[in-house]
Amino acid sequence: MTSRVYRVMHRTRYTYNDDVSSSYGRCYLTPRELPGQRVHSAVVEIEPEPDDRSTGVDVYGNQDSYFHVRTAHRELTVTAHSVVEVDPVDQGLVLGPAARTPWESARPAAVGTREARLAAEFVLDLDPPEITPAVREYAAQVFTPGRPLVEAVTDLTTRIYTDFTYRSGATAISTRVDTVMRRREGVCQDFARVAIACLRSLGLAARYESGYLATDPPPGQEKVFGADASHAWAAVWLPDDRWLAFDPTNDKLVDERHVTLAWGRDYDDVPPLRGVIYTDSTKSQIDVSVDVSPIEDPADGLGDRADSPEPGAAR
């Protein structure tokens with residue numbers, strides 16, 4: 001396995017049937033710079049041109065972009081472009097002693113270091129609670145006493161992939177984990193949240209990660225522009241203060257096909273785009289298109305865009 005370089009485009013277009021006089025927005029569309037991921041270029045374009053815009057870094061280290069459009073408009077388009085290089089799974093992480101430790105020893109409460117105390121935030125349940133008796137029962141089948149953490153997490157990944165059906169449109173962002181557990185169907189963010197609830201039910205620290213998954217076209221067919229989608233997965237904290245990311249939608253560890261955008265305790269911490277508008281419009285439509293295109297020659301993706309000054313997945 002070798003590193004892969006991608007040119008990523010994520011476009012969101014809102015259309016309205018009447019003028020919007022003012023539009024505020026905040027987005028998480030700039031990939032993170034990580035030990036296994038390098039961002040060669042990134043820019044967020046907004047049409048109409050904002051009257052005010054800025055970028056910042058949130059409490060989790062994610063880069064966010066804020067904008068305010070005061071020009072009257074009936075269409076708003078936010079397009080993020082980036083060139084990102086991603087490494088394969090770090091085998092030292094997967095095979096190291098922190099991943100091989102009994103899962104009980106990976107609880108932040110059992111570790112007691114400063115880093116563990118910081119990770120303890122990711123053990124807390126959400127409000128309203130997501131840890132239900134059904135979640136506890138499901139997790140208990142996997143996390144048997146003394147089992148190595150990485151082995152249990154890998155098993156959880158496979159079980160969710162096997163037990164749950166991927167069905168686009170089966171759920172909404174507001175759908176609760178308990179509903180997904182009962183229906184046994186959903187999309188990537190649902191499966192990530194099920195995994196996170198299971199881990200937290202056991203006192204383990206887990207976070208929600210958003211990004212993209214590079215998909216390959218069927219044999220003999222060309223890649224279709226915009227066929228990819230935003231994606232989501234989960235990660236569990238290790239006692240050496242590293243995180244092991246895994247993708248239950250695709251039954252695999254997060255690897256060189258995954259581009260990481262942002263992470264938090266849940267989807268609500270890192271939505272790709274959210275905002276508020278002022279309008280008399282009675283109808284609106286949103287269209288999202290994502291393209292993750294491999295670049296064969298990494299030099300082709302460098303320098304073509306300056307750094308910015310400032311949800312469904314394929315199974």
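**Close-up views of a predicted model**

E130 is buried, with a relative accessible area of 5% (buried: under 20%; exposed: over 50%; partly exposed: in between; 1.4 Å probe, protein chains only). The model is predicted: local features need pLDDT of at least 70 and side-chain atom pairs count only at pLDDT 80 or more, whereas totals for chains, interfaces and linings use all residues. Residues are numbered from 1 along each chain as its sequence is written, and side-chain values use heavy atoms, with hydrogens and water left out.

**View A. The salt bridge between R193 and E130**. The side chains of R193 and E130 meet at 2.3 Å, N to O (salt bridge: a side-chain nitrogen of Lys or Arg within 4 Å of a carboxyl oxygen of Asp or Glu). The pair links distant parts of the chain, 63 residues apart: R193 belongs to helix α8, and E130 to the loop between α4 (114-119) and α5 (133-142). Helices (H or I, at least four residues) and strands (E, at least two) are DSSP runs, numbered from the N terminus. R193 is buried, its relative accessible area being 10%.

**View B. The salt bridges R147 to E151 and D255 to K252**. R147 and E151 meet through their side chains at 2.9 Å, N to O. R147 is buried at 18% relative accessible area, whereas E151 counts as partly exposed at 36%. Shared partners join E130, R176, R193 and D266 into one network of salt bridges. D255 and K252 meet at 3.0 Å, N to O, and D255 is buried at 12%. By the stated rule, the count comes to 19 salt bridges.

**View C. The open sheet of five strands**. The strand order is β11-β10-β9-β8-β12, with antiparallel pairing (two strands pair if DSSP finds at least two bridges between them). The edge strands, β11 (252-253) and β12 (258-264), each pair on one side only. Strands β8 (residues 206-213) and β9 (residues 230-237) pair in the antiparallel sense over seven bridges. Y208 has A234 in β9 as its bridge partner.

**View D. The surface patch of Y24, V276 and Y278**. These residues form a nonpolar patch with about 290 Å² of accessible area together (Shrake-Rupley method, 1.4 Å probe; for residues, only the protein chains shown count as cover). Patches are made of residues with over 30% relative accessible area and no salt bridge; like charges are joined within 9 Å, and nonpolar side chains (Val, Leu, Ile, Met, Phe, Trp, Tyr) within 5 Å. Y24 lies in strand β1 (residues 4-27) and counts as partly exposed at 33% relative accessibility.
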